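Please open the model in your viewer and keep the selection tool ready. We will go from the whole chain to its parts, one stop at a time.

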Amino acid sequence: MIFLKLFIIFTKIGTFNFGGGYAMLSLIHNEVVVKNAWMTNAEFADMVAISQSTPGPIGINAATYAGYTAVLNDGYPQWAAMLGSVLASLSIIWLPFIIMILISRYLMRHKDSKVVQNIFSGLRPAIIGLIAAAATLLMTKDNFGDPRVEPAYFAISVAIFAATFYLTRFRKANPILVMLVCGLLGLVIF
């Protein structure tokens, strides 16, 4: 039963998502954390961190991790969890792949059409909204700590967040280097 649910959920996410992997994260969160409780918010945050830091598209990496974790947390053995990860990964890409093949010919012929340009003009702000929604999903006490319980850790987490944002946005620092430094800081401080 869980395999059928994984197939349907990740096919739906892959098919109706616009804006790439980051925009997909809020849809994945809603399905795997909120609706099905296959993982906690903390596990979801770990999934995002691992999906971001491993090679490949974040949406497919997140589906792989979510499929594995969902099946494993449902009580199945590790080999079945691996099957779940493969199923979720393939489910998120199979239908969009077919759709893109079919519509790419149309888009190439009509890319200068006012209708096509207007459609994309409407999709751009929606994509930014989906990415912003994914960012706010990760701003929880699981990731920053509870300011009432551990105010020092909360302040350190906010400072790391602000420094990372500043360095990558305004100073154009290498994101990989920033992540390595933040990981080392987390190892030492927390």
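The tour below says what to select at each stop and what is there.

**Before you start**

This is a predicted model, in which local features need pLDDT of at least 70 and side-chain atom pairs count only at pLDDT 80 or more, while totals for chains, interfaces and linings use all residues. Residues are numbered from 1 along each chain as its sequence is written, and side-chain values use heavy atoms, with hydrogens and water left out.

**Stop 1: the whole chain**

Show the chain as a cartoon. Its secondary structure comes to 9 helices and 0 strands, where helices (H or I, at least four residues) and strands (E, at least two) are DSSP runs numbered from the N terminus. Along the sequence the pattern reads α-α-α-α-α-α-α-α-α. Taken along the principal axes, the C-alpha atoms fill a box of roughly 55 × 45 × 30 Å.

Now colour by pLDDT, the predictor's confidence in each residue, from 0 to 100. The chain has a mean of 89, and 99% of its residues reach 70 or more. Among the elements, α1 has the highest mean pLDDT (94) and α7 the lowest (81).

Next, colour by accessibility. Of the 190 residues in the chain, 28% are buried; buried means under 20% relative accessible area, exposed over 50%, and partly exposed in between (1.4 Å probe, protein chains only). Contacts, meaning heavy atoms within 4.5 Å, can also be sorted by sequence distance: among those between residues at least 6 apart in sequence, 56% join residues at least 24 apart.

**Stop 2: the largest nonpolar core**

Select F10, I28, V32, F44 and M47. Of the 26 residues in the largest nonpolar core, these touch the most other members. A nonpolar core is a set of buried Ala, Val, Leu, Ile, Met, Phe, Trp, Tyr and Cys residues joined through side-chain atoms within 4.5 Å. In soluble globular proteins, nonpolar side chains tend to be buried together.

Stay with F10 for a moment. Not counting residues up to four places away in sequence, F10 touches I28, V32, A63, A66, A88, S91 and I92.

**Stop 3: the largest pocket**

Select V48, Q52, L138, F161 and T164. Of the 29 residues that line the largest pocket, these are the closest to its centre. A pocket is found on a 1 Å grid over the protein atoms alone, as an open set of points where a 1.4 Å probe fits, with protein on both sides within 12 Å along at least five of seven lines; lining residues have an atom within 4 Å of a point. The volume of the largest pocket is about 1400 Å³, a volume being the space filled by probe spheres set on the points, which are joined across faces, edges and corners.

Elements that each supply at least two lining residues are α2, α3, α6, α7 (141-144), α8 (151-169) and α9 (175-189). The largest share, 7 residues, comes from α8. By class, the lining has 19 nonpolar, 7 polar and 3 charged residues; Ala, Val, Leu, Ile, Met, Phe, Trp, Tyr, Cys and Pro count as nonpolar, Asp, Glu, Lys and Arg as charged, and the others, Gly among them, as polar.

**Stop 4: the second largest pocket**

Select T15, N17, F18, M100 and I103, which lie nearest the centre of this pocket among its 26 lining residues. About 630 Å³ of space lies here. The element α5 gives the most to the lining, with 8 residues. How many charged residues does this lining have? There are no charged residues, alongside 19 nonpolar and 7 polar ones.

**Stop 5: single residues**

- A37 sits in the loop between α2 and α3. Phi of A37 is near 55°, a positive value in a residue other than glycine, and A37 is exposed, at 59% relative accessible area.
- K172 is in the loop between α8 and α9. K172 also has a positive phi of about 55° and counts as exposed, at 60%.
- D142 belongs to helix α7 and is partly exposed, at 43%. Beyond its neighbours within four places in sequence, D142 is in contact with N41 and A42.
- A132 lies in helix α6 (residues 114-137).
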